[in-house]
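Work through the exercises below with the sequence and the 3D structure at hand. Try each task before reading its solution.

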Amino acid sequence: MTDNHDTVTAALPTPGAGPQMRMVEVALIEESLTNPRKHFDPIKMEELAASIKASGVHTPILLRPLPGHRVPDTWGFRRKGSALPAYELVAGARRLRACRLAQVAEIPAMIRELTDAQALEAQVIENLQRQDITAMEEAEGFRLLVDRNGLTAKDVARQISKSVRYVYQRMQLLDLIHEASEAV
């Protein structure tokens with residue numbers, strides 16, 4: 001048996017290597033703070049957990065090595081004696097959470113070296129492909145791309161294959177008063 005440090009070091013991809021596919025311990029994965037998806041239907045999560053328990057995860061999640069600046073964020077969530085997280089989740093929050101519900105130890109993952117800007121872009125674009133993302137989550141994702149990645153609404157529109165008007169209209173939802181935004 002190796003200690004946590006050896007386990008984490010052995011699990012990390014070689015710097016500069018291309019994407020890697022492997023099974024990763026769920027305990028070594030920390031969720032991203034920038035994931036645009038905030039709402040997870042509890043009934044659908046239980047259904048997904050049951051499916052995963054019965055037949056496993058069929059689509060890999062996307063991870064990146066946990067950036068050093070994220071390590072302090074993880075200290076309050078770890079149980080005493082548990083492994084240090086080695087990866088940050090980029091895409092696949094429902095699958096990861098369902099694995100935790102189903103108490104599945106490992107999950108298939110693609111591990112890629114991504115900057116903060118690349119990870120955020122992947123999160124927003126991946127979530128836009130989902131049918132159940134809310135208009136507010138979509139607007140918040142666009143705003144993150146504009147504010148953190150320095151993109152324009154035109155850049156965002158081009159990346160998601162939507163009109164500039166669509167992007168602007170979604171972002172305007174963020175200017176609604178609290179009661180109106182809750183209704184949306």
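**Exercise 1. Count the helices and strands of the protein chain, and give their order.**

Step 1. The protein chain has nine helices and five strands. Helices (H or I, at least four residues) and strands (E, at least two) are DSSP runs, numbered from the N terminus.

Step 2. Starting at the N terminus, the elements follow one another as α-β-β-α-β-α-β-α-β-α-α-α-α-α.

Step 3. Note what kind of model this is: it is predicted, local features need pLDDT of at least 70, side-chain atom pairs count only at pLDDT 80 or more, and totals for chains, interfaces and linings use all residues. Residues are numbered from 1 along each chain as its sequence is written, and side-chain values use heavy atoms, with hydrogens and water left out.

**Exercise 2. Describe the burial, surface and contacts of the protein chain as a whole.**

Step 1. Of the 184 residues, 41% count as buried. Buried means under 20% relative accessible area, exposed over 50%, and partly exposed in between (1.4 Å probe, protein chains only).

Step 2. The accessible surface of the protein chain is about 10,800 Å², and 53% of that belongs to carbon and sulfur atoms. Such areas come from the Shrake-Rupley method with a 1.4 Å probe; for residues, only the protein chains shown count as cover.

Step 3. A contact means heavy atoms within 4.5 Å. Among contacts between residues at least 6 apart in sequence, 80% join residues at least 24 apart.

**Exercise 3. In what order do the five strands stand in the sheet, and which helices pack on it?**

Step 1. The five strands form an open sheet in the order β1-β5-β3-β4-β2, with mixed pairing. Two strands pair if DSSP finds at least two bridges between them.

Step 2. At the edges stand β1 (20-25) and β2 (29-30), each with a single partner strand, so one side of each has no neighbour in the sheet.

Step 3. Strands of a sheet pair through backbone hydrogen bonds, either parallel or antiparallel. Here β2 and β4 (residues 87-91) run parallel and are joined by two bridges. Glu-30 has Glu-88 in β4 as its bridge partner.

Step 4. Helix α5 (residues 116-128) packs on the sheet and touches β3 and β4; its direction makes about 40 degrees with that of β4. Axes are lines fitted to C-alpha atoms, for helices over the stretch in contact, and angles run from 0 to 180 degrees between N-to-C directions.

Step 5. Helix α4 (residues 93-102) lies across β2, β3 (61-65), β4 and β5 (106-111), at about 125 degrees to β4.

**Exercise 4. Which residues of helix α7 are buried, and which are exposed?**

Step 1. In α7 (residues 153-160), the residues Ala-153, Val-156, Ala-157 and Ile-160 are buried.

Step 2. Seen down the axis of α7, its buried residues fall within an arc of 100 degrees, so they line one face of the helix. The arc is that of the directions from the helix axis to the C-beta atoms.

Step 3. Lys-154 and Arg-158, on the other side of α7, are exposed.

Step 4. The buried residues of α7 pack against α5, α6 (135-149) and α8 (164-172).

Step 5. Just after α7, Ser-161 has a positive phi of about 60 degrees.

**Exercise 5. Find the contacts of Tyr-166 beyond its neighbours within four places in sequence.**

Step 1. Tyr-166 lies in helix α8.

Step 2. With those neighbours left aside, Tyr-166 is in contact with Glu-138 and Phe-142.

Step 3. The C-alpha atoms of Tyr-166 and Ala-153 are separated by 9.3 Å, and the two residues are 13 apart along the chain.
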